[in-house]
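User: I would like to go through the labels used for this structure. Please set each one against its definition.

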Amino acid sequence: MVKLFSKNFLKFFKIFKRKKKLSLGLYGPPNSGKSTLANLIVKDILGEGAEEMFSTSSIEHETREVQKVEKLELKKGGKTLDFALVDTPGITTKIDFEDFIKKGIKKKDAKDRAKEATKGVIDSIKWLDNVDAVLVVLDSTLNPYNQVNITLIGNLVAKKKKLIIVANKTDLKTSNIEKINLVFPDYTLVSISAKTGKGIEKLYEKIFEEFF
Amino acid sequence: MGLQVLSYNLIKTLRPHERINKILSSVKNGDVVMIEGKLSYEEENELVSRALASISGRFTGVEVAYLKSKFPKRFIDKLKDSIIELLAKDRIGITVVGPSKIIKEIKMNPQKLEVLFK
C-alpha cells in the first residue's frame, strides 16, 4: 500500500519535471551495431554535419575502448533529456587473435587488436556501474538466446539499471524481432535499423517514457 | 581434455573467489566443468573478466551456458516452479563452463544445451 502510494506520488510529480540528466550506455555483443547507433543519435542531435564520432567496421571488436560523448540533448513534448552517450566494446567471453587473421588482419595487428579488445571488454563490464540507463543493442538476425545476452540483462536488472532492448539490423531479410521478444518478454523492445535510421523516432519516444 | 562435474555442496563450501579459481583453473587446463546450480551474476562477471584477463596464445577465453528448464504452461506447474525456486534458489539448473579453444559453440535452448567441439 505504502509502495503503491509512493509510486503514484512520484509519478504525479514527474508530470511537472522538465529536465533530466543521465548517463546512457550502449551495451551488447560485438558487431550488434552499437557504434552505428551511437553515430546516428549524435548526428540526429548535433546535425548531419557532425563528424562520425565512433568508428564502425564489419570486423568484430572495432570499438575497443569505452567512449563517451557529453552534453547531448533530446527534446520531446517540452521536456529535455540532457545525457552523456557511452559507447562500449561488445561484451564477449572469448577473444582469439586467429579470428582476426581469418578476416585479413596481419598477425601482429591481430594480436594487438585481441589484446586491446580484451581490455575493452573488461572495462565495459566495469563501466556498468557508471551508467544510469542502458540500451541493450542486439543483432536481430542472430539467435538472442545465449548466455552473454542473458547475463548482461540479468546484471543490469541486479544493478537496478533501467533498460530498453534495441533489436537492430531490421533492414536485413533474416531479422527476427519476434524471437527477441519471446526470449526477453519482460522488457521494452524497440526495433530499428541503425544503418537506415528506421525506427529511431520510436526509440527516442521510448527513451523518454522509460528513462525520464 | 576431461569433464568435471561439481556438486552444489562442493561449490557452496568455497568462498566466491575460490569458486572462480576452481572453475577457471580446470577450464584453463582444458577441462569442461559442469556445475550443479547457477553462478550469481557477480560471479559470472568475475569469471568472464578473469578469463579474459588470462587470455594468452593457448587460452582464448571461456564458453558459458546455463540450463534451467522452465516455461511451464499450466498454472499448477508454474506454481510448483515458483515454490521450488523460492526454496532451492541458485541450486536449480546446470551451468557449463568450457575453454573456447576447444568448444566451438554451446547451443542453448530452454530445454537443452548442445556443446559443439571444434
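**Labels and their grounds**

Analyst: A:K71 lies in strand β2 of chain A. Strands here are DSSP runs of E with at least two residues, helices are runs of H or I with at least four, and both are numbered from the N terminus. This is a predicted model, where local features need pLDDT of at least 70, side-chain atom pairs count only at pLDDT 80 or more, and totals for chains, interfaces and linings use all residues. Residues are numbered from 1 along each chain as its sequence is written, chains are lettered from A and ligands numbered from 1 in the order in which they are written, and side-chain values use heavy atoms, with hydrogens and water left out.

User: Why does A:K71 count as exposed?

Analyst: Exposed means over 50% relative accessible area, buried means under 20%, and partly exposed is in between (1.4 Å probe, protein chains only). A:K71 has 73% relative accessibility, so A:K71 counts as exposed. Its phi is near 55°, a positive value in a residue other than glycine.

User: What makes A:K160 exposed?

Analyst: The relative accessible area of A:K160 is 74%, so the label is exposed. A:K160 sits in the loop between α5 (147–158) and β5 of chain A. Its phi is also positive, near 60°, and the residue is not a glycine.

User: Why is strand β3 of chain A called largely enclosed?

Analyst: Count its residues. Eight of the nine in β3(A) (residues 79–87) are buried, so the rest of the structure largely encloses the strand.

User: How do you know that β2(A) and β3(A) pair?

Analyst: Pairing requires at least two bridges found by DSSP between the strands. β2(A) (residues 67–76) and β3(A) have eight, in the antiparallel sense.

User: Which strands does β1(A) pair with, and over how many bridges?

Analyst: β1(A) (residues 19–27) runs parallel to β3(A), joined by eight bridges. A:S23 stands opposite A:A84 there. Four bridges join β1(A) to β4(A) (residues 133–139), again parallel. In that pair, A:G25 faces A:V134.

User: What makes β2 and β6 of chain A edge strands?

Analyst: The open sheet has six strands in the order β2-β3-β1-β4-β5-β6 (chain A), with mixed pairing. β2 and β6 (189–191) each have a single partner strand, so one side of each lacks a neighbour in the sheet. From one strand to the next, the twist averages 25°.

User: Which strands does helix α2 of chain A lie across?

Analyst: Helix α2 (residues 34–46) of chain A lies across β1, β2, β3, β4 and β5 (162–168) of chain A, at about 145° to β3(A). Axes are lines fitted to C-alpha atoms, for helices over the stretch in contact, and angles run from 0 to 180 degrees between N-to-C directions.

User: Why is α2(B) called oblique to α3(B)?

Analyst: Helices α2 (residues 16–28) and α3 (residues 41–53) of chain B pack at about 50°, with axes 10 Å apart. That angle makes α2(B) oblique to α3(B). Under 35 degrees counts as roughly parallel, over 145 as roughly antiparallel, 65 to 115 as roughly perpendicular, and the rest as oblique.

Technical notes: Contact = heavy atoms within 4.5 Å.
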